[in-house]
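Please report on the voids, surface features and local geometry of this protein chain. Keep it brief and specific.

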Amino acid sequence: MIALPKSDKTKLQSIQEYQGISLLPIPGKCLEKFVIERLNYFLETTGQIPSLQYGFTASRSTADAIKTVLEFVEYSRKLGLKCCLLALDIVGVFSNAWHPGILARLWKLKCPPNIYSTVRDFLSDRTAHVTLGNSSSSKRVTKGCPQGSVSGPTLWNITISNLISLLFNAPNLKIVAFADDIMVMMQGPSLPAIFKTLQTTLQTIEDWCKEDKLEISGDKSALMPMFTRNREEFKCHPTIVTWGIKIVQK
């Protein structure tokens, strides 16, 4: 790995302000691409990637995701329902995708044995090496996808597809995912109904995060109430305060 500084040059004393880019061998990347193409074909032909995932997915785009959100909001307004949008960001997606969780998901999806075995071997016994100045360090890797790999987007779609499935049939809400960004759209006849849906949804997401060893970023998550000028009820609600979610207007 090579550590490259991010844009803010004033914060280079923090390790979080560096991006680790992996230098991968060309033959390994070629094999990885072949395997991922086979895996993508399996996932697409068997319908394993939910239609509500708009990122890293063929024939879907940001415009499609935005259209879905707008249609949900307009439909809620037409029915005279309360509505709010919850935007969630997952911390370090490519750094934290847990290998055992990915393999367990592939097994559950009945991935063809030859593809499953190759992916399992690909994720096993990995080591990251980094050198800074005269210092070197190595660590065994059990989670994350190397920055620069071609498998990262597909492996993430496999991870988040489980969360989308958990929320797909939940009442009074719809989810839109674009890569690691999640938009949960909730509607209901009253604010108490909205808060109840919000609490249940956040609990489901928290349980999923614990199972897959992931974390929601409070700093980058926000809730936008629709069709209301009084946002104080949202700001003071215990669930929102506990999660530290910002209330925004746009």
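This is a predicted model: local features need pLDDT of at least 70, side-chain atom pairs count only at pLDDT 80 or more; totals for chains, interfaces and linings use all residues.

The protein chain has nine helices and nine strands. Its C-alpha trace spans about 60 × 50 × 30 Å along the principal axes. Of the 250 residues in the chain, 40% are buried.

**The largest pocket**

The largest pocket holds about 1600 Å³ of space. Its lining counts 39 residues. Nearest the pocket centre lie M1, Y18, Q19, G20 and S95. β4 gives the most, with six residues.

**The largest cavity**

Rolling a probe the size of a water molecule over the atoms shows where empty space is left. One cavity of 30 Å³ or more is counted in this model. The largest cavity contains about 50 Å³ of space. Its lining is made by K82, C83, C84, L191, I194, P225, M226, F227, T228 and F234. Eight of these lining residues are nonpolar, one is polar and one is charged. By class, K82 is the charged residue and T228 the polar one.

Which elements each supply at least two residues of this lining? They are β3 (82–89), α7 (191–211) and β8 (222–226). The largest share, three residues, comes from β3.

The C-alpha atoms of K82 and S190 are 5.9 Å apart, although 108 residues separate them along the chain. S190 sits in the loop between β7 (181–188) and α7. S190 has a relative accessible area of 28%, so it counts as partly exposed.

I49 and I158 are 109 residues apart in sequence. Their C-alpha atoms are 7.2 Å apart in space. I49 lies in the loop between α1 and α2 (62–79). Is I49 buried or exposed? I49 is buried, because its relative accessible area is 16% and the cut-off for buried is under 20%.

**A nonpolar surface patch**

I2, L4 and L23 form a nonpolar surface patch of about 290 Å². L23 belongs to the loop between β2 (18–21) and α1 (26–45). With 64% relative accessibility, L23 counts as exposed, because the exposed class begins over 50%.

Most residues other than glycine have a negative phi. Which values do K110 and N172 take? Phi of K110 is positive, near 60 degrees. N172 is not a glycine either, and its phi is about 65 degrees. K110 lies in the loop between α4 (99–108) and α5 (113–123). N172 lies in the loop between α6 (152–168) and β6 (173–178). K110 is exposed, with a relative accessible area of 70%. N172 is partly exposed at 41%.

**The salt bridge**

Side chains of opposite charge can pair when their charged atoms come close. How many salt bridges are counted in this model? The count is one. K235 pairs with E232, and their closest N and O atoms are 3.9 Å apart. That distance qualifies because the cut-off is within 4 Å. Both residues lie in helix α8 (residues 232–236). They are three residues apart, about one turn of the helix. K235 is partly exposed, with 43% relative accessibility. E232 is partly exposed too, at 45%.

**Accessibility of the residues discussed**

| Residue | Relative accessible area | Class |
|---|---|---|
| I49 | 16% | buried |
| S190 | 28% | partly exposed |
| N172 | 41% | partly exposed |
| K235 | 43% | partly exposed |
| E232 | 45% | partly exposed |
| L23 | 64% | exposed |
| K110 | 70% | exposed |

Technical notes: Residues are numbered from 1 along each chain as its sequence is written. Side-chain values use heavy atoms; hydrogens and water are left out. On a 1 Å grid over the protein atoms alone, a cavity is a set of points where a 1.4 Å probe fits but cannot get out, and a pocket is an open set with protein on both sides within 12 Å along at least five of seven lines; lining residues have an atom within 4 Å of a point. Grid points are joined across faces, edges and corners, and a volume is the space filled by probe spheres set on the points. Helices (H or I, at least four residues) and strands (E, at least two) are DSSP runs, numbered from the N terminus. Patches are made of residues with over 30% relative accessible area and no salt bridge: like charges are joined within 9 Å, nonpolar side chains (Val, Leu, Ile, Met, Phe, Trp, Tyr) within 5 Å. Accessible areas come from the Shrake-Rupley method with a 1.4 Å probe; for residues, only the protein chains shown count as cover. A salt bridge is a side-chain nitrogen of Lys or Arg within 4 Å of a carboxyl oxygen of Asp or Glu. Buried means under 20% relative accessible area, exposed over 50%, partly exposed in between (1.4 Å probe, protein chains only).
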